[in-house]
Amino acid sequence: MNRGRTLVAGGAVMLAAAMAGPLRAAPASAAETCAGLDGLAVPASAIGLPTRGGQVRQAVLVPASGQGATAVGEYCRVEAALHPVDPAAPDILMRIALPTAWNGKTMMFGGGGYDGTIPNIAGNVPYGLPDRPTPLGRGYATFASDSGHQAAPGFQPATSLDGSFAVNDEALRNFAGDALKKTRDAAVHLIGRRYGGAVPARGYFAGGSSGGREALAVAQRWPRDFQGVIAAYPAWNAAALDLFFGYEAQILSRPGAFPGPAEQDLLHRSVIAACDAGDGVRDGIVSNERGCRFDPRVLRCAGRHHEAGTCLTDRQIRAVRALSAPLRLPYRIASGETGYPGFPFLSGAAMTTPLLGMGTAAPADPMPKSGGYGVQFWDQWIRYAVTRDPGHASLAVDPRRPGRWRARISELSALQDVKDPDLRRFAAAGGRLLLVHGLADELVSHRSTAQYFARVRATMGARATNGFARFYTVPGANHANVKADFTAGWDSLTVLEDWAENGAPPRDPVVRDTGPAAAGRARPLCEYPAWPRYKGSGDPGDAGSFTCRGG
């Protein structure tokens, strides 16, 4: 063994014992090593895209905490800033957790919404099981960034709706994807400094929504940076989705078209009542979403006067039907997208959490904050990314006939959409991809993820795709996993580790309902387009009582 060689063994960095002569100094403690990172420069040469380098702003040793699945060992929390080429652009703010007992692997977390805040690096992967350790709890070095801008106060920290950063070109490119590479490279550099030059044995990425788009972006753009990717409910065609949100805003802003929360709840309950048994058992979940043929006209109001939540008007019925159908763009955009597939509103998917779906107030100018997230995304996109005029009325731009904004929308589509489904380089490098999407998603349609996966299969072939990727859907699971008919929980990280590290692909995966009233019921996690059907006997709460059908 060479003199002074450093190893990562048993989760701890140690100096090699076989040295010629006595040690001249005791190894630095974890606290000393962590403190030594404070103020450290990150050279621009360490980052694969243009920056002016960066610097560690703070490094603090965090003591071990928690018990059982919540246990997290001692780690060094590092706060750093990466400086843009354009002095007018914001820094990329990033955070890294460097465990004293490191397992030699890394996990990068994706963001959400328009980003602008740093995700919880001590948190779990999307849909992760609460009774399984988080990546940091498993000994991963974890990291994330705000994607290159800081959301203004007053916007929700978990899912930012602040699009004001998009007036700056570099900030917009960072959000679209460049910040992912910059953050990853800076994190690997600092990991090497913390662990005596050690190189991570494996790198993983996990994200949902915008973070799911980011997961697919890293697999496509930097196929050797991560050996495994978890992409949950990915907003991969972000510009096309924004155009659908604009279409939604226009439809729901029409007089009398907006179904209020009571009407949304009525629609949800009515769809469940009509289609719940389509999977062989009444359990409050629509599993056979494509087989659900609910006609909202059965809820049509009989007269002019009615109580809220008792029926739907003709205008509300027309609005729900329109948003359930695909949006077709009558013009070409640079990403190649031709529209957006719409939402399964008629299977109740958008009715579980109104704020994420249609919202609690109709779209208007100015856009109400109680409107659905989608229409607020549109409002921010039009004012800051498209027109770059904060005073511009977003409802004045028709996504189907954008007029003088058409060229700008096309330009943004090429920047924001993960338009290339060719993942051959990622697969050839040994990469593994897990895609998962709830069938009751209110904000990103699972139909869109199905389109993406179909394009991957068409590009690479079914056999090659099956060698590195899986796409699962979860009936009853929604975007936020809050107040869902099925609160999805799946230990996807362990599955990904087994596949990427041991060559063992997923086999008969099971998803659990972790909701407070679910009593741990479980279902087989079916590869799309299959769905779990009850066998006709056995405990309806047991995954073994179901089989995947319809694939």
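What percentage of the 551 residues in the chain is buried?

1. Buried residues make up 58% of the 551 residues in the chain, where buried means under 20% relative accessible area with a 1.4 Å probe and protein chains only. The model is a predicted one, in which local features need pLDDT of at least 70 and side-chain atom pairs count only at pLDDT 80 or more, while totals for chains, interfaces and linings use all residues. Residues are numbered from 1 along each chain as its sequence is written, and side-chain values use heavy atoms, with hydrogens and water left out.

2. The chain holds twelve helices and 20 strands, these being DSSP runs (H or I of at least four residues for helices, E of at least two for strands) numbered from the N terminus. Its radius of gyration, taken over C-alpha atoms, is 24 Å, which agrees with the value near 24 Å for a compact globule of 551 residues, the rule being 2.2 Å times the number of residues to the power 0.38.

3. Of the contacts in the chain with a separation of 6 or more, 68% join residues 24 or more positions apart, a contact being heavy atoms within 4.5 Å.

4. Helix α5 (residues 261–275) has 15 residues and should span 21 Å at 1.5 Å a residue, which agrees with the 21 Å between its end C-alpha atoms; the expected span is 1.5 Å times one less than the number of residues. Among the buried residues of α5 are Leu 266, Leu 267, Val 271 and Ile 272, and the buried residues of this helix pack against α6 (314–324).

How values were computed
Buried means under 20% relative accessible area, exposed over 50%, partly exposed in between (1.4 Å probe, protein chains only).
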